[in-house]
Amino acid sequence: MIPVSLPEPIDSNPRRFSRLILAMCVLGAVYIADRTAYWTENWNLSVFSGIPSGPATLSVGPETFKLPFAYIASPEQRAIAQSGTGKVSTLKIAMTWPGLRPAATLKTSGRDGTARRIVFLELEHNPDRESMRARLDPFYRRLARGGEVNGPDGLKTLQLSAAGSLNTDQIVFDPARRNGFIARCRGTGSLAPAVCHRAVVLSSGLELRYRFAEELLGDWRKIDNSIVRKVAGFRIH
């Protein structure tokens, strides 16, 4: 009978093993964040495949819009428009900045930062929704951690997230106009860029919402005016 014996213990330092495990966890977290940012950007670009030519007509509430198919970001909504004049609760649009051309014209991948040049819009009929600007004084100022600080191109900033937090959350607004520009910008601390969300109440209870990379805040005046005019050009009067 062959005697069985346990192997001798390995002469290793437990602290080195702990540091090795920690390093592997950090590298794994970085890799996951990188993959998440990559696929998030490429997923946004992948919705523009197989787009028909010609104009599409879609209605949102009492408003009707006529725009090239290439501007419509939702494959389902493009299919609705192809079947004739359709009605949707929220019209989803994607365009580039600068130029406000259809996002479908971008041929490169999100890996080179293409997705950061895309502005995503939503049009929804919601006459009872309270505007972001109306919530500035009674809500956002009370949540702010500290007072106003100067932002890009005349904007003021209210910090909602804790100091040093990886997840950033701030309100940026134009102090020069009572009902002027306001947006909420959030970042996750990953490799994906922080995103700003803006909402504009148009006539007939139509709300225009759009989001864009925080790094474009320096162009907020041009972006806001250009997008409102672009949407107005899609409306059938």
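Modeller: Phe234 lies in helix H4; helices (H or I, at least four residues) and strands (E, at least two) are DSSP runs numbered from the N terminus. This is a predicted model, in which local features need pLDDT of at least 70, side-chain atom pairs count only at pLDDT 80 or more, and totals for chains, interfaces and linings use all residues. Residues are numbered from 1 along each chain as its sequence is written, and side-chain values use heavy atoms, without hydrogens and water.

Colleague: Is Phe234 buried or exposed?

Modeller: Buried means under 20% relative accessible area, exposed over 50%, partly exposed in between (1.4 Å probe, protein chains only). Phe234 counts as buried because its relative accessible area is 7%.

Colleague: Which other residues of H4 are buried?

Modeller: An α-helix has 3.6 residues a turn, so residues three or four places apart point the same way. In H4, the buried residues include Trp220, Ile223, Ile227 and Val231. Among the elements that cover the buried residues of H4 are strands E2 (63-68) and E4 (90-96).

Colleague: With which residues is Phe234 in contact, leaving aside its neighbours within four places in sequence?

Modeller: Contact means heavy atoms within 4.5 Å. The partners of Phe234 include Phe65, Tyr71, Ile93 and Met95. Phe234 and Phe65 are 169 residues apart in sequence, yet 5.2 Å apart in space, C-alpha to C-alpha.
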